[in-house]
Amino acid sequence: MTDDELYHKLLLKAGAYTARAEHSPKEVEAKLYTWGGEDLSPALATRILAELEREGYVDARRYAEKYTRDKALFLHKGPKLIRRELFMKGITDKSMISDALSTIDDEEWSEALKTYLSPKVSRYRSKAKDTRDLSSRLYRAAYARGYEDRQIRAYLREADLGEAEDFGDGDDWD
């Protein structure tokens with residue numbers, strides 16, 4: 001197969017792939033190499049990717065914004081985790097990542113954190129010794145989910161974590 005035939009074949013396939021869902025340039029490039037095998041040169045992959053970007057099928061900024069909204073609002077992930085995941089997906093421009101994260105306002109981040117931690121409160125309450133232990137467990141869960149210290153502390157200040165008789169014996173760790 002000539003380079004021109006391979007170019008058209010892979011451009012059509014990648015166009016269909018990117019039309020179904022948003023993908024990062026790195027993901028599309030990886031697919032091109034999977035589909036093209038040994039016949040695909042780096043120059044041809046770059047040419048195909050450039051054409052997809054020119055035609056609007058691949059847009060790193062749009063991908064970063066949509067990825068951020070989906071992960072924050074539906075999976076309740078925090079900004080630090082999303083930043084790390086975007087980097088792993090090939091979005092390495094720090095200003096682009098910051099812009100994408102800023103599309104979620106503080107109130108939406110707070111609501112996502114509250115939604116994430118709410119089911120954990122009752123489960124952790126039965127295992128915690130006291131309010132301090134419960135706060136510590138919730139803090140660790142939120143931190144592991146990628147929330148920032150200031151966001152977690154704001155949640156813990158506002159949360160009703162219960163009275164002393166609501167707590168278990170503290171022996172059971174999650």
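This is a predicted model: local features need pLDDT of at least 70, side-chain atom pairs count only at pLDDT 80 or more; totals for chains, interfaces and linings use all residues.

**Loop residue, then the helix**

I started at histidine 76, which lies in the loop between H4 and H5. Helices here are DSSP runs of H or I with at least four residues, strands are E runs of at least two, and both are numbered from the N terminus. Residues are numbered from 1 along each chain as its sequence is written, and side-chain values use heavy atoms, with hydrogens and water left out.

Is histidine 76 buried or exposed? I get buried, at a relative accessible area of 18%; buried means under 20%, exposed over 50%, and partly exposed in between, with a 1.4 Å probe and protein chains only. Leaving out residues up to four places away in sequence, histidine 76 touches Lys71, Ala112, Thr115, Tyr116, Arg145 and Tyr147 (contact is heavy atoms within 4.5 Å). I also checked the backbone: phi of histidine 76 is near 60°, positive although the residue is not glycine. Most residues other than glycine have a negative phi.

Next I looked at H7, residues 106-125. Its 20 residues reach 27 Å from first C-alpha to last, close to the expected 28 Å, which is 1.5 Å times one less than the number of residues.

Where does H7 bend? I find about 35° at leucine 117, with proline 119 following within four residues. The bend is the angle between axes fitted to the seven residues ending there and the seven starting there.

At the start of H7, a side-chain oxygen of aspartate 105 comes to within 3.2 Å of the backbone nitrogen of glutamate 107.

The buried residues of H7 include Trp109, Ala112, Leu113, Tyr116 and Leu117. I looked up what the buried residues of H7 pack against, and got helices H4, H5, H6, H8 and H9.

**Elsewhere**

Which residues line the largest pocket? Among them I list Trp109, Leu113, Gln151 and Tyr155. H7 and H9 are the elements giving two or more residues to that lining, and H7 has the largest share with 5 residues.

Last stop was serine 98, found in helix H6. I have serine 98 as partly exposed, with a relative accessible area of 38%. Serine 98 sits 15 residues from arginine 83 in sequence, and the two are 8.2 Å apart in space, C-alpha to C-alpha.

Notes: A polar contact is a pair of N or O atoms within 3.5 Å; within protein, one must be able to donate a hydrogen and the other to accept it, and residues adjacent in sequence count only if both atoms are side-chain atoms. On a 1 Å grid over the protein atoms alone, a cavity is a set of points where a 1.4 Å probe fits but cannot get out, and a pocket is an open set with protein on both sides within 12 Å along at least five of seven lines; lining residues have an atom within 4 Å of a point.
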